[in-house]
Amino acid sequence: MVLLKIKFPFQKRVRLAQGLWLLSWVAMFSGAITFAIGVFLKTELHRRSEVMHSMDIHIVPNLLMAVGLASVGINICAGKVCQDSLDTSRFPRWKTFLPPFFCFSVFITSLLLVAMILSFALQPSLEESLKIGLKNGIRFYKDTDTPGRCFQKETIDRLQIEFQCCGNTNYRDWFEVQWISSRYLDFTSKEVKDRVRSNVDGRYLLDGVPFSCCNPASPRPCIQYSLLDNSAHYNYEYQTEELNLYNRGCRQALVSYYMGLMNTIGPCVLFDFLLQMTILVSLRYLQTAMEGVIGQENVEIETEGYILEKGVKETLLETKEKVKKLLQFAQVGDASATTPGTQPDEEKPATA
Amino acid sequence: MALMKVKFDLKKRVKLAQMLWLMYWFSIMAGVLVFSMGLFFKIELRKRSELMDNNESHFVPNILIGVGLLACFLNACGGKICYDSLDSTKFVKWKSILKPFLICCLFFNFLLIVTAAMCFAMRIPLEFTLAEGLKNGMKYYKDTDTPGRCYMKRTLDLMQIEFRCCGNNNYKDWFEIQWVSNRYLDFSSKEVKDRISSNVDGKYLMDGVPFSCCNPSSPRPCIQQQITNNSAHYSYDHYTEELNIWKRGCRDALVSYYGGMMNTIGILVLMVTLLQIAVMIGLQYVNTSLSTLVNPEDPESESEGWILEKTVKETFTDIMANMKAMGKGNQVDEEANEEAVATVS
């Protein structure tokens with residue numbers, strides 16, 4: 001039973017070919033846009049790569065770029081096929097090329113869906129990667145004299161200013177690390193000695209945050225140090241103070257930013273996917289309709305177009321058989337290479 | 001002796017008209033570009049109008065917007081004329097207004113040059129406006145409870161962070177004003193009372209700056225308070241410390257930002273002017289080549305085209321003579337009227 005058969009008179013065929021040619025141009029631009037979107041996403045992820053521990057999430061922009069480029073090529077081919085389909089002398093040369101072309105295109109187009117699914121599925125991985133990356137960034141904040149880490153301070157400061165966030169989960173993360181380098185601590189002063197002795201690792205911990213946590217929208221000048229000590233500042237209560245520092249943690253800020261980006265990109269990618277599938281289905285109809293015309297004298301006869309010649313199940317069985325045969329041929333080829341030695345021996349005793 | 005005379009046959013005329021039509025399309029896009037640049041500049045000025053004392057002149061961006069729209073309109077007309085010039089029946093209706101249209105284009109080109117000059121010259125009044133606006137802005141930094149000024153702190157902080165600058169001329173401007181509101185000062189403490197009594201106006205002045213002056217590239221945590229007191233901080237010398245806070249003043253930063261923008265816009269307007277002059281000359285060639293057909297009935301005959309019918313000097317003297325004649329004509333009329341009046345009365 002043929003799958004989704006449609007009758008195609010000559011006019012309908014011509015219209016299909018013309019419409020498809022135009023649509024393939026549109027899809028080519030759409031593919032280029034998908035590629036550009038992939039490049040943009042990769043650049044954005046790369047910009048913050050210093051606070052990301054693993055590169056798993058990069059598979060999404062990589063897929064988008066690959067599919068974008070491939071779909072430009074696919075659509076150029078499709079346009080060429082449409083152009084040739086209007087001329088029955090030129091169409092037959094596409095005969096052997098089209099079936100593998102369809103399989104390849106369907107596979108590439110389905111990668112778009114895979115990319116979309118991955119962009120949601122990899123969110124926990126992104127969050128974990130950011131958690132570790134930010135923790136390291138905060139730990140190495142003070143190491144501005146260590147090669148390889150000397151830009152961590154600037155990176156974290158600019159990140160906190162740009163994304164309006166403080167710390168990993170919240171500002172209290174800064175209380176647990178020594179973020180002031182020992183180079184700038186006066187170890188002869190009582191205060192420093194007290195603080196260093198007050199914890200097991202001998203670190204200088206304080207209830208203060210860097211200046212980049214300060215919120216410009218606060219009505220009072222920024223309070224960075226002695227944050228938990230209400231008596232250290234006039235008219236200050238840390239439990240009710242909301243606007244002094246940024247309340248959001250940088251991990252949450254970055255995850256929302258990237259998820260927002262991918263949610264914006266999602267509809268564009270979905271549109272490209274639908275457009276591409278429409279083109280492939282229409283091209284299949286055009287191919288099957290044209291096959292009825294080839295070899296006929298009257299070009300203007302009515303033909304039928306379909307997606308699959310037999311039902312889905314039967315086509316799958318057939319494909320399986322074909323693949324088995326191919327494998328068997330390969331095996332038989334090997335077997336016949338080894339048997340010629342035995343056959344002449346069998347013949348010899350008969351003649352002798 | 002005509003200026004830059006060129007012989008035209010039908011093929012050359014058609015090619016000229018087609019090329020000119022294409023160039024008019026580019027000119028329309030250039031007009032749209034000028035319009036959008038004027039709009040962009042206007043929005044940028046609006047964004048920082050608080051720092052310019054709400055007093056800034058929007059003259060230049062308004063002119064750019066007007067010129068852009070006018071350019072689109074004139075170029076659309078020119079394009080239509082070119083399109084019709086290939087068909088002699090359609091071209092007849094344009095023939096009479098072509099000369100005034102070309103004179104309009106000439107005046108428009110002068111206007112474009114003047115606009116470009118103004119773009120370059122606007123830097124100076126902008127500098128004065130910014131100096132005044134920033135000074136006042138810093139004065140109102142602490143007034144976060146006064147309606148109308150409550151966002152000044154946020155605006156200044158965000159600006160200092162974005163433009164990487166501190167204060168008006170440099171960071172010392174913050175030492176001369178009270179930028180900490182009285183609401184957050186403990187007037188019973190000795191330190192506060194000392195500072196207030198140390199100056200005539202009773203202001204709480206200190207050698208500290210807001211957090212937005214801090215430079216993230218500094219290797220050490222930001223030192224905002226007691227900047228000029230070396231003993232207050234370990235291993236610190238404020239004479240040699242370069243990376244702690246931003247060294248540049250915000251007036252310099254903003255002027256160079258807007259100056260750069262205006263220079264770019266000015267250069268683009270000059271390029272658009274060149275394009276406009278080119279299409280104007282092209283249109284003059286089309287006009288003259290179609291009016292000097294050897295055989296007016298035969299559209300395929302040869303013709304000549306020029307920019308000016310006589311040389312520049314002669315054209316100039318002609319124009320002066322015409323204007324004098326017009327002036328004398330008025331005088332003669334007036335005298336005749338007076339005589340008539342005199343004779344009548």
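Helices here are DSSP runs of type H or I with at least four residues, numbered from the N terminus. By that assignment, B:Glu44 belongs to helix α1 of chain B, which covers residues 10-47. The structure is a predicted model.

**Largest pocket**
- The lining of the largest pocket divides into 27 nonpolar, 10 polar and 10 charged residues.

**Second largest pocket**
- The volume of the second largest pocket is about 1200 Å³.
- This pocket is lined by 29 residues, with B:Lys99, B:Gln284, B:Ile307, B:Leu308 and B:Thr315 closest to its centre.
- Two or more lining residues come from each of α3 (88-121), α7 (250-291) and α8 (312-344) of chain B.
- Helix α3(B) supplies the largest share of this lining, at 10 residues.
- By class, 16 nonpolar, 8 polar and 5 charged residues line the second largest pocket.

**Setting of B:Glu44**
- B:Glu44 has a relative accessible area of 6% and is therefore buried, the cut-off for that class being under 20%.
- Apart from neighbours within four places in sequence, the residues in contact with B:Glu44 are B:Tyr257, B:Tyr258 and B:Met261.

How values were computed
Residues are numbered from 1 along each chain as its sequence is written. Chains are lettered from A and ligands numbered from 1 in the order in which they are written. This is a predicted model: local features need pLDDT of at least 70, side-chain atom pairs count only at pLDDT 80 or more; totals for chains, interfaces and linings use all residues. Side-chain values use heavy atoms; hydrogens and water are left out. Ala, Val, Leu, Ile, Met, Phe, Trp, Tyr, Cys and Pro count as nonpolar, Asp, Glu, Lys and Arg as charged, and the others, Gly among them, as polar. On a 1 Å grid over the protein atoms alone, a cavity is a set of points where a 1.4 Å probe fits but cannot get out, and a pocket is an open set with protein on both sides within 12 Å along at least five of seven lines; lining residues have an atom within 4 Å of a point. Grid points are joined across faces, edges and corners, and a volume is the space filled by probe spheres set on the points. Buried means under 20% relative accessible area, exposed over 50%, partly exposed in between (1.4 Å probe, protein chains only). Contact means heavy atoms within 4.5 Å.
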